[in-house]
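Morning, everyone. Let me put the model up, and then we'll walk through it.

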Amino acid sequence: MSKIKNEIKLTSKIMHDHFSTIASKYQSVRTLDTEPILHIKHRLDEKTNINMADVGCGDGRYSLEFLKIFDDSFYIHCVDYNENMLKSLETNLVEQNITNFCTRQGDANKLPLDTKSIDCIVTFNAIHHFDVPKFLSESLRSLNDDGRIFIYTRLRNQNAQSVWGKYFPLFTEMENRLYEFNELESHIKNADMKIHSTKTFEYSRTSSLDRLVHQAKNNHYSTFALYGEKLFGESLDTFQQNIENNFDDLEKISWTDGNTLIEIKN
Ligand SMILES: C[S@@+](CC[C@H](N)C(=O)[O-])C[C@H]1O[C@@H](n2cnc3c(N)ncnc32)[C@H](O)[C@@H]1O
């Protein structure tokens with residue numbers, strides 16, 4: 001038991017250090033998907049005066065997209081436990097003269113949000129870092145009566161189909177935090193909540209090998225932070241070899257990324 005606790009503590013520390021280090025360059029190494037933003041807006045029936053919380057918001061790249069597509073009556077609470085991420089977010093949004101937001105440093109498992117104060121909770125690429133039952137129960141407490149939760153994530157099987165899952169050694173084994181759909185579904189049922197809709201997004205990606213190597217070296221997925229230095233170096237060499245063996249044009253490596261959006265109603 002204490003060994004497991006120590007491992008959890010170590011992973012939490014690795015993740016905290018990872019997100020603190022990557023905060024200032026996060027937007028330059030990650031790919032932003034705007035399709036789920038438009039989909040969520042549509043699902044909210046174009047409502048106005050929406051009070052949203054973006055949990056595990058990081059540097060706010062998704063919060064910013066919501067701020068751009070809703071009118072001035074929209075307000076967003078940006079929640080993350082990493083202070084560097086929130087500092088980057090504030091700098092980005094203040095530079096763009098955006099004022100209808102606040103940052104709340106806090107834990108997804110004990111949300112720093114008032115009871116029944118929020119219309120919609122979104123979380124992008126972060127659910128696998130949370131204690132899902134606690135996050136759902138806290139979301140339920142924070143949401144108004146007809147509130148909604150949107151969880152955007154890559155599932156374990158979707159991760160396995162990515163360029164990393166297919167060609168980067170041990171990537172799927174290392175990334176054992178992601179969920180499959182039925183696991184999330186069972187957490188949602190146990191929380192006495194209902195899945196209102198589910199949508200799969202598929203993106204055709206193309207990148208150069210140089211860019212992929214740059215992303216991996218910069219830990220654009222936190223998975224890479226779980227490799228030791230030596231193992232990472234060896235795996236990166238094998239990755240490059242695998243790509244060279246499977247693609248003719250190293251400027252145009254193509255693959256399909258899949259992500260899932262789950263809409264939950266209480
Ligand atoms: C992969 S990043 C995603 C950031 C952002 N949603 C995006 O897609 O650009 C995950 C974020 O979740 C945050 N995070 C992880 N566990 C958390 C927790 N228990 N409570 C609050 N934030 C957490 C990390 O600090 C990090 O900023």
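Start at Asp192, in the loop between helix 10 and strand 6. Helices and strands here are DSSP runs, H or I of at least four residues for helices and E of at least two for strands, numbered from the N terminus. This is a predicted model: local features need pLDDT of at least 70, side-chain atom pairs count only at pLDDT 80 or more, and totals for chains, interfaces and linings use all residues. Residues are numbered from 1 along each chain as its sequence is written.

Asp192 has a positive phi, near 65°, and is not a glycine. Most residues other than glycine have a negative phi. Asp192 counts as exposed because it has 10 C-beta neighbours inside 10 Å. The cut-offs: buried is 20 or more other C-beta atoms within 10 Å of the residue's own, exposed is 12 or fewer, partly exposed is in between, with C-beta atoms placed from the backbone.

Lys116 also has a positive phi, about 50°, and is not a glycine either. Lys116 sits in the loop between strand 3 and strand 4. It has 12 C-beta neighbours inside 10 Å, so Lys116 counts as exposed. Lys110 is in the loop between strand 3 and strand 4 (118-124). Lys110 is partly exposed, with 13 other C-beta atoms within 10 Å. Its C-alpha is 7.3 Å from that of Lys134, 24 residues apart along the chain.

Two strands pair if DSSP finds at least two bridges between them.

Take the pairs. Strand 1 and strand 4 run parallel, joined by 3 bridges. Met52 has Cys120 of strand 4 as its bridge partner. Strand 4 and strand 5 are parallel too, with 6 bridges. There, Ile118 stands opposite Leu143 in strand 5. Strand 4 is mostly covered, with 6 of its 7 residues buried.

Strand 5 and strand 7 run antiparallel, over 6 bridges. Phe150 is bridged to Glu263 of strand 7. Strand 6 and strand 7 (residues 253-265) are antiparallel as well, over 13 bridges. Two partners to click on in strand 7: Ile253 for Ser207, and Thr256 for Ser204.

For contact, read C-beta atoms, placed from the backbone, within 7 Å of each other.

Helix 4 next. Its buried residues include Tyr62, Leu64, Phe66 and Leu67. The buried residues of helix 4 pack against several elements, among them helix 3 (35-43), strand 2 (75-80) and helix 5 (83-95).

On to the core. A nonpolar core is a set of buried Ala, Val, Leu, Ile, Met, Phe, Trp, Tyr and Cys residues joined through C-beta atoms within 7 Å. The largest has 45 residues, and Val55 and Ile121 make the most contacts inside it. Leaving aside neighbours within four places in sequence, Val55 is in contact with Val79, Ala108, Leu111, Ile121, Thr123 and Ala126. Apart from that core lies another of 12 residues, among them Trp164, Phe171, Leu212 and Phe224.

Last stop, the ligand. How many residues surround it? There are 20, and the closest are Gly56, Gly58, Asn82, Ala108 and His129. Near means a C-beta atom, placed from the backbone, within 6 Å. By class, the shell has 9 nonpolar, 7 polar and 4 charged residues. Ala, Val, Leu, Ile, Met, Phe, Trp, Tyr, Cys and Pro count as nonpolar, Asp, Glu, Lys and Arg as charged, and the others, Gly among them, as polar.

Zoom in on Gly56. It lies in the loop between strand 1 (51-55) and helix 4 (61-69). Gly56 counts as buried because it has 24 C-beta neighbours inside 10 Å. Not counting residues up to four places away in sequence, Gly56 touches Asp80, Ala108, Thr123, Ala126, His129 and Phe130.

Technical notes
Contact = placed C-beta atoms within 7 Å.
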